[in-house]
Amino acid sequence: MTERSGPVGAAAPARRAYLSVRGGEWAFAVLGLPLALLAGAYAIAVLYAGVLLSLTVLGLPFLVAALLGTRGLGALHRWLTGRLLGETVERPAPLPRPAGVIARGRVVLIDPVAWRTLLYLLLRLPLGVLGFVATVGLPLGCVWLVGFPLWDRLLESDRWSPLWLDTTAVLLGLMLLLAVPSAVRTLSGANRRLARLLLSPAGAQQRVRELETARATLLAENTDQLRRLERDLHDGTQARLVALAITLSLAEDALAPSTDPDPDPTPNPDLGRMRALVGRARGQIDDTIAELRLLTRGIHPVALDGGLGAALPGLTATSPVPVTLQLDLPDLPERPDPTIERAVYFCTAELLTNIAKHSGARSAAVTVTTTADRVRLTVRDDGHGGAALGAGTGLTGLAGRLAAVDGTLRIISPPGGPTVITADLPNRL
């Protein structure tokens with residue numbers, strides 16, 4: 001009895017797994033048909049109208065708007081796939097937002113996400129029809145075949161069909177009924193694979209995103225390490241050097257010549273040499289403390305703890321060239337990433353240094369604007385112009401440091417001036 005119950009017990013879960021279909025798969029197949037029809041018609045209309053209108057001035061604007069709508073439909077299908085089929089499809093990266101209407105339209109036209117989504121909508125149409133047939137058409141056909149003898153007798157009361165035909169219809173109906181779960185699961189798997197293939201980021205895009213995430217993590221870790229190093233130098237090494245400088249100052253005071261009106265008539269030459277050595281040591285300590293303060297300020301300016309609004313006024317106030325500062329920093333839910341704030345701060349410092357050394361300017365203006373997704377720094381001076389990448393003013397290195405955080409540097413500096421340099425950076429990495 002026990003030996004026979006093992007295979008039977010193992011076969012029962014297999015039968016249940018074969019016959020079981022998740023409710024979300026049924027819902028996706030039934031509810032997905034109207035959406036598949038509308039989306040497929042939309043994709044066909046976009047391609048057809050895009051080809052016809054490509055010869056007119058309305059062609060490109062229509063295609064840009066249609067591709068933006070395609071991205072929206074892709075987001076809806078990703079949500080349905082995750083909600084009903086249990087397949088989490090990663091969302092592609094958002095579209096870049098360059099300055100200018102033409103540049104933004106060009107970004108949309110060459111957007112691979114929109115074109116891959118358009119292909120998905122076309123392929124989703126036959127899959128949607130097949131899924132509806134499998135979930136609705138096949139069960140209705142099974143009901144009709146299994147009940148064929150009854151329908152035949154109700155409709156043809158004077159002439160009944162042969163027994164073999166009734167038996168064949170019933171058997172065929174039962175076979176189709178057993179095939180329904182497998183058909184539904186197969187089509188659900190095809191929909192999952194199609195969504196993963198066309199609605200998720202492409203392999204290259206996924207790799208880029210992973211590298212960007214790794215870079216952001218590395219930059220954040222390096223920033224934290226630099227902050228810890230700055231705190232250790234400021235609170236530890238610098239504090240001990242200050243204490244040593246105070247001790248040397250006290251020693252120097254103790255070794256100073258006595259003010260007694262009746263001094264010792266025999267001066268001690270070793271005492272004078274010791275005073276000189278202590279004075280020299282104190283001077284070296286003071287120089288070391290000053291260099292250490294510059295070093296810690298270069299690692300992380302303390303003013304940046306209060307954000308750009310607190311750090312930039314102090315920076316511009318130390319410039320040899322008079323600087324007008326304009327800050328447009330709205331009250332956003334989150335400050336820019338600390339790495340971005342450091343990049344903006346040091347970019348400003350580098351550009352102001354260049355103005356003081358190379359431009360011959362009499363005045364400069366610094367403007368910083370932040371939005372929900374971008375930070376823009378603009379530095380303008382009335383110097384003699386001629387600034388360019390590779391001109392020996394450090395702009396090439398500055399552009400490289402900005403590129404490391406997805407920033408760009410744009411230079412407008414005709415001969416005779418003025419010079420306008422704009423740094424555009426993302427708000428978050």
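I began with E87, which at 16% relative accessibility counts as buried, where buried means under 20% relative accessible area, exposed over 50%, and partly exposed in between (1.4 Å probe, protein chains only). I work here with a predicted model, in which local features need pLDDT of at least 70 and side-chain atom pairs count only at pLDDT 80 or more, while totals for chains, interfaces and linings use all residues. I number residues from 1 along each chain as its sequence is written, and my side-chain values use heavy atoms, with hydrogens and water left out.

I then looked up the partner of E87 and found that its side chain meets that of R196 in a salt bridge at 3.2 Å, N to O (a side-chain nitrogen of Lys or Arg within 4 Å of a carboxyl oxygen of Asp or Glu). R196 itself counts as partly exposed, at 38% relative accessibility.

Next I turned to D424, whose side chain meets that of R374 in a salt bridge of 2.4 Å, N to O. This pair links strand β5, which holds D424, to strand β3 (residues 374-381), which holds R374, across 50 residues. D424 also forms a salt bridge with R376, with the closest N and O atoms 3.2 Å apart, and I note that R374, R376 and D424 are linked in a network of salt bridges. D424 counts as buried at 13% relative accessibility, whereas R374, at 27%, counts as partly exposed, and R376 is likewise partly exposed at 36%.

In helix α10 (residues 308-317) I found L308, A311, L312, L315 and T316 buried. They cover an arc of only 120° around the axis, which puts them on the same side of α10; the arc is that of the directions from the helix axis to the C-beta atoms. Their cover includes β1 (323-328), α11 (338-359) and β2 (364-370).

I also checked the peptide bond from G417 to P418, which is cis with omega near -5°, and P418 sits in the loop between β4 (408-412) and β5 (419-426).

The mean pLDDT (the predictor's confidence in each residue, from 0 to 100) is 76, and 69% of the residues reach 70 or more.

Notes:
Helices (H or I, at least four residues) and strands (E, at least two) are DSSP runs, numbered from the N terminus. Contact means heavy atoms within 4.5 Å.
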